[in-house]
Amino acid sequence: MESIAAGRAQGNIPALSNWLLMAIMVGGHAMKHAYASGFLLLLPEMRLGLGLSNADIGNIATARGLAGGITNFPAGFLADRSSNRWPAILGLTMIVMGTFQFIMGSTGDYAAIVLCIIAVGAAISFWHPPAIAALSQRFAERRGFAIAMHGTGGSIGEALGPVAVGALLFTLTWQGVLQFSFIPAVVTGLAVWLLARNVRGDTGGRLTVAAYTASLGHLAGTPALRTVILVTGITAMATSGFSTFLPLYLRIDLSYDPALAAGFIFASQAAGIASQPVMGFLSDRFGRLSVVIPSIGILGAGILLVSVAPPGILLAGSVLLVGAFQFPTIALFLAAAMDYVRPQMQATTVSLVYGISFLAGSISPLIAGRLADGFGVAAVFTYAGATALLGATLLVLLRGTLRPPVAQET
């Protein structure tokens, strides 16, 4: 069976090397996450400027998460059915995201902002299935490392996004930042589209809706994947609540200026940049469970520390600890899930894992917003930390379902 078509160049377009493909996927993923994390730093400004409550902010985050979760399933279908159009899908993802951010920045109406964030959430869900499937097929023997490197791009974006937004807020309003974001999104989308234009995937034929639905059901019925999906969803609930309200806690509760709040978030995500490929390598060498169980446990403990740490070095250290383990866990979950599926179903598997992650994570800001209004934002971190520890406990109890995967066809 042919792997992803590094060698199936079209016309005079040269074949794309494995490492150049990785560089493009990592770079595009970094830009996508720069937008996602930068938007979180705009939430305090939106709350202050529009007179919103914590619950209103939670609703915005939930709308984005629901849109991303629901759209992940057709995104996986499209990626598996149209693997010859992966570059176009990836490029359009960035362009659509930038367009709706521009529209969002051109209105001060809360309902219109929610509609725009739904469109943005839907657009960004189309990135992961083709990007991760391409890397998984091209780096089949080093899948954990490759997916972790893709995740490292996300961590880089998560670190740089708040810094860029914090700097822009010195001269622009939050509306101006959103309008400006249209330009780099379109440039990135066109660059990915053109540079990766000869990339093709191995899907084993054209996929029908009925076959795709049946495949989702089969995947969800696999005991190992059920365990991975369950713990992924619980962990996503923890990280979604934490990530949504950390900027508000820093900016409003602690009265940090945008630059200092951005610095905290940058430091947190920078920790994940270094830890992610290391954890991916270790999971390839020693097994997924040996890495992911302690990672979720440390993640939960770090979030709990944020809820009680006083401002200063202890708070900074707690935020760094969370960042070092937040992004690597999703990469490890993805690698674990793909260990159990055929190459032809890897984009579908990405959509399933991310879809459940987004859907479960979208519930959390609703809960967190009401906790913050009733008990203060620190209560959100207590809830999120306890949720992560629950996920680690369940994975320990269900580890027997994660039998060694059978060898995949190549």
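Reader: Why is Ala79 called buried?

Author: Ala79 has a relative accessible area of 0%, and buried means under 20%, exposed over 50% and partly exposed in between, with a 1.4 Å probe and protein chains only as cover; Ala79 therefore counts as buried. This is a predicted model, in which local features need pLDDT of at least 70 and side-chain atom pairs count only at pLDDT 80 or more, while totals for chains, interfaces and linings use all residues. Residues are numbered from 1 along each chain as its sequence is written, and side-chain values use heavy atoms, with hydrogens and water left out.

Reader: Where does Ala79 lie, and how far is Ala79 from His128 in space?

Author: Ala79 belongs to helix H2, residues 54–81, where helices are DSSP runs (H or I, at least four residues; strands are E, at least two) numbered from the N terminus. Although 49 residues separate Ala79 from His128 in sequence, their C-alpha atoms are 9.5 Å apart.

Reader: What makes Leu42 the place of a kink in H1?

Author: The bend at a residue is the angle between axes fitted to the seven residues ending there and the seven starting there, and at Leu42 the kink is about 30 degrees, shortly before the proline Pro44. After H1 comes Gly51, with a positive phi near 65 degrees.

Reader: What makes Arg251 and Glu45 a salt bridge?

Author: A salt bridge needs a side-chain nitrogen of Lys or Arg within 4 Å of a carboxyl oxygen of Asp or Glu, and the closest N and O atoms of Arg251 and Glu45 are 2.7 Å apart, so the pair meets the definition. The structure holds one salt bridge, and both Arg251 and Glu45 are buried.

Reader: Why is the pair of Tyr249 and Phe381 called edge-to-face?

Author: A search of the whole structure finds four aromatic pairs. In one of them, Tyr249 and Phe381 are 5.2 Å apart, centre to centre, with 85 degrees between the planes. Rings of Phe, Tyr and Trp (its six-membered ring) pair if their centres lie within 6.5 Å, and planes under 30 degrees apart count as stacked, over 60 as edge-to-face and the rest as tilted, so this pair is edge-to-face. Tyr249 is in helix H10 and Phe381 in helix H15 (residues 378–397), 132 residues apart. Tyr249 is buried because its relative accessible area is 9%, and Phe381 is buried because its value is 0%. Together with Phe242, these two residues form one aromatic cluster.

Reader: Is Val377 buried or exposed, and where is Val377 found?

Author: Val377 has 3% relative accessibility, so this residue counts as buried. Val377 is found in the loop between helix H14 (346–375) and H15, and its C-alpha atom is separated by 8.8 Å from that of Asn54, 323 residues away along the chain.

Reader: How do you know that Ser255 is exposed?

Author: The relative accessible area of Ser255 is 61%, so Ser255 counts as exposed. Ser255 sits in the loop between H10 and helix H11 (258–286), and has a positive phi of about 60 degrees although it is not a glycine.

Reader: Why is Phe102 called partly exposed?

Author: Phe102 lies in helix H3 and has 37% relative accessibility, so Phe102 counts as partly exposed.
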